[in-house]
Amino acid sequence: MSNRPGVSAVPIIELKNVVKSYRLGEVVITAVKKANLQLHLGEFTALIGASGSGKSTLLNIIGCIDQADSGIVTIGGSDVKQLSDNEKSDLRNQKIGFIFQNFNLIPVLDVYENVELPLLVNGTVESARERNDRVLEAINDVELSSVIHHRPDQLSGGQRQRVAIARALAGRPSLVLADEPTANLDSETSSKIIDLMIALNEKKKVTFLFSTHDERLMSRVKRIIHIKDGLLDSDSGPAHESGT
Amino acid sequence: MPNSFWGLARKNLRRNLKRNLTTGSAIAFGFAGIILLGAYSNRVDNYIRVYTIYAAHTGHVALFAKNGLDKFGFEPKKHSFSKQRQLEIEGLLKNDSRVEMFEPRFSGVGLISNGCKSIPFSAVGIDPQIEEKLMIHPEVKRWTPQIESIKKGVKLVDAVKISSVAVVSITQKVASALGKEKVKTEFDTGAAVKVVDCESSVALPQSDASVQFLGNSWQGGMAALDADVVSIFSTGFDETDFSAIRMPLSVLQSFYDTERVAGYSVWLKEASQLKSFIQTFSAALNGPSLAPEPIDLIPWYDESLSPYYAGTIQFLNAMVGFVSSVLALVVLFSVLNSTTLTVLERTSEIGMYRSIGFRKRQIQTLFIQESIWLSGFSLGIGLISGFVFVEMINRMKIVYHPPGASGGLQLVLVANVSAIFVWAVVLLLLTIWSTRFSVVNKLKWQISDLLGGSGR
């Protein structure tokens, strides 16, 4: 149970004994070893570890873009193993937002259009007006209204990452996963991006889980999960505090 | 604003602009090439078709006594129609609303002479009234306007009114061989026929338009005929121009001393009624009220009736089919190469689409819509280019000499709209298929592999 103010008692993500291995030629590499984890609504969590420690693999499994070899992954009460490919797509679209290290924006689309992308396939957004409202709200949240019709090549690195954050938020997800969101940014911009994510976490009550190997960011985050060689070896978060 | 996949797909085309322009050019020029080839094929097909049906007096359907097409030349009496049978057939033809006109078929061979020199002839008896109708037929005006059957002199229909003796139309090559290059109207009307002195150094055969015919009468004796050359014509083919002559049917029948005819050429109002006409007319001719004489009804395109048409079209179709297939394959491989590279380059983008919730089919649709934009635009450019090239070639008035044809023909291209539509659809489908092929293979990947973030 979480005892942190603003954090829900019910986990939105639960991993039980999750294992993931890859075969590289003759060698089998276990990227995630018997991971157990709970994330609650409204948490702001950093997944910290060295390169190759299994951070990205764990994020991919939680985000339903990779499948665990064994163990149980539950998102919003649903066992993802039981979901069809289309159901997983809908889950990613409506419950999860993704922020990538290299932004992954469409270069020929402007800020508005990039943010609008996930809403084009969102079955819960019924009208063009609602879609427009959501896009403008997300852009406003990341303070990019002044460059709304700029294309990515007309934006700075920090602005591009803000566009990616707005795109992740446009679908109003309960969980945002960010894979090294500050890796391609300078330290000042990185700091601003983390500030923005913290502000959105507090304002929107969106759960954030991001991976990083930047030790400087640790002091800004309330819950830190360390991963080493595929093992979750320390967790400073609310779940830890509560003894779970 | 890409408020739909179509808008997003259109905007995505701006990426890899050079590659898209190259691929688009391959589609456009491939399509333009197919339009040109189709226009040439269409023109030649219609030219030969109309020539065969109208200028060569074949008709849409040729009606013969059983095996008459093959055996009339050897056993004309056995394989021809009696007067009684002619009346029955003509009665049925006149009462058939599908029939535009018909003409008895009659031909024969023998020798034609200028008094000193004789050469073989192959004569076709024609109805001058029908000849007149055929030459002004809308199909002839549209597809073979440059065919002037009469190169010099007057038409047989007019000649029979002004000549007191038999009239004949001979080809340029027969005229040259006999020294009869002047026609009746080029001589004084009162000039007497001169007796030819074959030993004289003076070219006496050229002093009048008179020729003599010699052949075997159907009754078993010799047949001879004096006639005036009233016109010079061309069959359009070197091979037949050496011996072809035309004369009124009645004159030719008289020459061979018979009332019988070899068969009938029948022209229909609608060519599309050909098959039904053959079926029903055959049944009517063999009906219980008529004499039980078996007949053959042969469509105009049958190889035995129109070997030149059939051979030429078979060759043309094979050539056009081969070249069109090569062009379509070039387009296919260009598009396949382009889409494969595009999909390869956009692997992480596909991963991004999947991770933000696009279903596989939606991504497939997005890429296919990009292809439809590209190929649609390129086909539009190709269509315009094709028509511009066709117009340019027609305006250049290029004259060429097809093998076997007497004289030159102007290269005229006529675009075939229905074939263009079919090829546009084929190219569009090929483009869609090649795009789908590339994307579907990529969509089999794990999303983490698409994003390149799995560490594998």
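**Note on the predicted model of chains A and B**

1. A compact globule of 456 residues would have a radius of gyration near 23 Å, whereas chain B comes out at 32 Å. The C-alpha trace of chain B spans about 105 × 60 × 35 Å along its principal axes. These values, like the others below, belong to a predicted model.

2. Chain B is built from 16 helices and twelve strands. Take the contacts in chain B between residues at least 6 apart in sequence: 78% of them join residues at least 24 apart.

3. How much area do chain B and chain A bury between them? The figure is about 2600 Å², with 59% of it on carbon and sulfur atoms. On the residue level, 29 residues of chain B are in contact with 30 residues of chain A.

4. Between chain B and chain A the rule finds eight residue pairs in polar contact, with both residues at pLDDT 80 or more. Helix 1 (5-12), helix 13 (347-355), helix 14 (360-396) and helix 16 (447-451) of chain B are the elements that give two or more residues to the side touching chain A. Helix 13 of chain B gives the most, with six residues. By residue class, that side of chain B has ten nonpolar, eleven polar and eight charged residues.

5. Three salt bridges cross the interface of chain B and chain A by the rule used. B:Arg354 and A:Asp85 have side chains that meet in a salt bridge, at 2.9 Å from N to O. Over all chains, the count of salt bridges comes to 30.

6. Helix 3 (residues 111-120) of chain A deserves a look, since ten of its ten residues are buried and the helix is mostly covered. The buried residues include A:Tyr112, A:Glu113, A:Asn114 and A:Glu116, as well as A:Leu117 and A:Leu119. What do the buried residues of helix 3 of chain A pack against? Within chain A the partners are helix 2 (85-95), helix 4 (128-141) and helix 5 (157-170), and from chain B they are helix 1 and helix 13. At the start of helix 3 of chain A, a side-chain oxygen of A:Asp110 reaches to within 3.2 Å of the backbone nitrogen of A:Tyr112.

7. One salt bridge in chain B joins B:Glu370 and B:Arg346, at 2.9 Å from N to O. B:Glu370 lies in helix 14 of chain B and B:Arg346 in the loop between helix 12 (307-345) and helix 13, so the pair ties together parts that are 24 residues apart in sequence. Are the two residues buried or exposed? Both B:Glu370 and B:Arg346 are buried.

8. Another salt bridge in chain B is formed by the side chains of B:Lys184 and B:Asp228, at 3.2 Å from N to O. This pair links distant parts of the chain, 44 residues apart: B:Lys184 is in the loop between helix 8 (172-178) and strand 6 (210-216), and B:Asp228 is in strand 7 (residues 222-233). B:Lys184 counts as partly exposed because its relative accessibility is 30%. B:Asp228 counts as buried because its value is 8%.

9. In chain A, the side chains of A:Lys192 and A:Glu188 meet in a salt bridge at 3.7 Å from N to O. A:Lys192 and A:Glu188 both lie in helix 6 (residues 187-204) of chain A, four residues apart, about one turn of the helix. An α-helix has 3.6 residues a turn, so residues three or four places apart point the same way. A:Lys192 counts as partly exposed at 46% relative accessibility, and A:Glu188 as exposed at 54%.

10. B:Val99 lies in strand 2 (residues 99-113) of chain B. B:Val99 is buried, with a relative accessible area of 8%. Neighbours within four places in sequence aside, B:Val99 is in contact with B:Leu93, B:Val266, B:Trp267, B:Leu268, B:Lys269 and B:Phe277. B:Leu225 is 126 residues from B:Val99 in sequence and 35 Å from B:Val99 in space, C-alpha to C-alpha.

Key. Residues are numbered from 1 along each chain as its sequence is written. Chains are lettered from A and ligands numbered from 1 in the order in which they are written. This is a predicted model: local features need pLDDT of at least 70, side-chain atom pairs count only at pLDDT 80 or more; totals for chains, interfaces and linings use all residues. Side-chain values use heavy atoms; hydrogens and water are left out. Contact means heavy atoms within 4.5 Å. Buried area is the accessible area (1.4 Å probe) that two parts lose on being put together, summed over both. A salt bridge is a side-chain nitrogen of Lys or Arg within 4 Å of a carboxyl oxygen of Asp or Glu. A polar contact is a pair of N or O atoms within 3.5 Å; within protein, one must be able to donate a hydrogen and the other to accept it, and residues adjacent in sequence count only if both atoms are side-chain atoms. Ala, Val, Leu, Ile, Met, Phe, Trp, Tyr, Cys and Pro count as nonpolar, Asp, Glu, Lys and Arg as charged, and the others, Gly among them, as polar. The radius of gyration is taken over C-alpha atoms; the globule rule is 2.2 Å times the number of residues to the power 0.38. Buried means under 20% relative accessible area, exposed over 50%, partly exposed in between (1.4 Å probe, protein chains only).
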